[in-house]
Amino acid sequence: MCGIVGYIGDKNAYPIIINGLKRLEYRGYDSAGIAILDDTVKTYKCKGKVADLEKFVADKDISGNIGMGHTRWATHGEPNDENAHPQVSQNGYFTVIHNGIIENYSRLKKRLKDRGYKFVSETDTEVLANLIEYIYLKGKVTAEIAVRLALTKVIGAYGLVISCKDEKDKLIAARKGSPLVIGVGKGEYFLASDATPIVEYTNSVIYLNDDDVAILKKDELILKTVHNDRLTPKVQKVDLEIGEIDKNGFDHFMLKEIFEQPRAINDTFRGRISADNTLVHLGGLFNVIPQLLAAKRIIIIGCGTSWHAGLVGEYLFEDLARIPVEVEYASEFRYRNPIIHKEDVIIAISQSGETADTLAAIKLAKNAGATVLGICNVVGSSIPRYTDAGVYTHAGPEIGVASTKAFTAQVTVLTMMALVLAEKKNTISDKERKRLIKELVNIPKTIDKILKNSEEYKKIAELYKDSENFLYLGRGYFFPVALEGALKLKEISYIHAEGYPAAEMKHGPIALIDKNMPVVVIATKDGSYEKIVSNIQEVKARNGKVIALVTEGDTIIKNLADHVIEVPQNDAALAPLATVIPLQLLSYYIAVMRGCNVDQPRNLAKSVTVE
Ligand code: G6P
């Protein structure tokens with residue numbers, strides 16, 4: 001989950017690479033480095049963010065038209081100057097940047113050490129650089145052959161950009177498991193982990209597949225497999241505006257993305273709901289409707305926030321379409337010998353489309369013969385390419401590490417899927433279905449209204465910003481919302497927070513409640529209202545501080561809770577989309593007030609491409 005950028009052409013490589021790294025910094029930000037190929041290969045790297053790298057190279061020679069850059073999220077070796085990429089082979093022949101993990105690196109390292117290689121870093125990438133160099137010098141082969149041969153000896157995942165000091169007119173790129181995109185310009189090529197650093201130069205891209213190796217000169221691209229079979233590059237158009245990946249006047253990407261949710265949800269259902277709001281049509285599922293209707297159960301897999309969206313999906317599919325659902329952490333599912341039937345439908349949810357555990361779980365399910373669907377945000381990413389069918393969320397690029405608009409867009413897709421199945425299975429009345437569709441179409445307006453209250457959330461944030469713990473409670477559809485609210489807070493403010501089904505509070509968490517414990521309760525009238533009122537009373541009886549999300553005009557909870565946040569009334573099935581918004585904003589403001597780096601929280605990365 002590092003970010004990779006490369007350039008080869010006639011322009012100055014440095015500004016292209018450094019700007020690209022800034023766009024990819026959400027993928028990792030503990031160290032950064034660049035290599036510029038000129039008469040020599042100039043490599044600069046340091047611990048810290050891309051801005052630190054910029055300062056570091058301020059007085060250095062960075063001229064040249066070919067180069068590569070890397071922003072790192074440490075896997076092997078702590079973040080320091082030595083472990084930063086590029087990694088250079090012992091005799092300086094090869095310069096490598098890498099995203100992924102070489103799993104058999106210690107065995108390879110030992111063999112190289114036996115042959116006299118010394119290592120300056122703790123990285124698996126340096127092992128690869130030295131392995132390539134060893135094959136190159138020993139076999140007297142070209143750089144490309146050395147790279148391909150080395151890759152056949154490697155077990156693990158990689159997105160790579162490599163240069164050889166004897167062949168300074170080219171870059172070699174390779175992919176297995178970790179994403180890599182080539183941007184095709186006129187007399188120039190760009191390389192990046194995703195398309196965001198590329199779109200300001202060209203919208204023609206080639207997504208590399210696993211085992212692809214690309215040999216790039218400024219006016220030539222050769223694509224082959226690692227086993228030397230020639231491939232025809234498939235150039236695709238990427239539909240991404242540069243404005244979509246800027247902050248557009250917001251202080252942080254996260255805030256911008258929270259405020260983009262009405263648009264993101266609208267874009268996600270636009271064209272998929274009939275003009276008279278009576279029918280949902282999901283073109284991406286057309287070919288798998290029979291499997292969905294015959295499914296004895298649906299298994300939803302995902303990680304982090306996507307897993308929370310999956311939990312909302314469970315309520316939706318069971319409630320509206322009467323299909324049994326299991327929701328699984330991809331990382332648990334794949335390692336526990338799960339029972340998968342051919343009649344099962346697996347739905348993998350992933351913003352990035354690259355999460356390694358989710359991808360591995362998909363492969364497992366496919367091998368077991370199940371139908372596998374994807375709900376992803378990044379077009380052309382790996383998961384949509386491995387699944388049988390799927391539906392894209394149209395949230396646009398999500399840069400803030402804490403996921404916000406991707407979540408609501410995922411829930412929007414799940415709602416539409418449940419409505420399609422409910423229609424086909426006749427599990428809810430036409431009237432009910434049409435009412436829900438209408439409510440879904442209205443959700444962007446509801447969220448607009450909620451977003452207007454941000455001053456209120458700021459006031460609450462101010463009061464509780466120094467708390468050490470938070471509890472989030474919700475029932476039914478609001479239990480996943482409680483989990484997501486807690487996750488947002490811990491991710492960006494480093495406050496310990498837990499989400500619980502409200503009724504479970506009695507079975508443990510209630511012991512934590514005292515006057516210092518803020519408890520956020522989702523208590524809108526669209527859920528199990530009376531029961532949640534009792535839960536609030538239980539908290540108050542123990543002097544806890546209650547911040548309650550209530551339906552506009554609620555008077556009962558107003559008298560019980562310390563603070564209320566009002567949201568418009570919705571059907572419970574749609575309400576997660578609205579109720580999560582104040583929780584996102586509360587976390588955001590608390591994190592800002594605590595001086596945390598909201599867009600780049602410590603230890604996290606946006607896209608987890610390691611297992
Ligand atoms: C990381 C991110 C989370 C995200 C999770 C799953 O942990 O920090 O925000 O929810 O990965 O990512 P995915 O791209 O599969 O949705």
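Two strands count as paired when DSSP finds at least two bridges between them. Keep in mind as you click that this is a predicted model.

Start by selecting residues 31-37, which make up strand E2. Show the side chains and look at which way they go: Ser 31, Gly 33, Ala 35 and Leu 37 point to one side, while Ala 32, Ile 34 and Ile 36 point to the other. In a regular strand the side chains alternate between the two faces of the sheet. Here both sets are buried. With 7 of the 7 residues of E2 buried, the strand is largely enclosed by the rest of the structure.

The link between E2 and E3 is a hairpin of 3 residues.

Now bring in residues 66-72. This is strand E4, another antiparallel partner of E2, again with 7 bridges. Center on Ala 32 and you'll find its bridge partner in E4, Thr 71.

Last stop: the cysteines. How many disulfides are there? The count is 0, taking sulfur pairs within 2.5 Å as the cut-off. Cys 376 isn't in a disulfide either, as the nearest cysteine sulfur, in Cys 303, is 12 Å off. Color by accessibility and check these two: Cys 2 is buried at 5% relative accessible area, and Cys 376 is buried at 2%.

How values were computed. Residues are numbered from 1 along each chain as its sequence is written. This is a predicted model: local features need pLDDT of at least 70, side-chain atom pairs count only at pLDDT 80 or more; totals for chains, interfaces and linings use all residues. Side-chain values use heavy atoms; hydrogens and water are left out. Buried means under 20% relative accessible area, exposed over 50%, partly exposed in between (1.4 Å probe, protein chains only). Helices (H or I, at least four residues) and strands (E, at least two) are DSSP runs, numbered from the N terminus.
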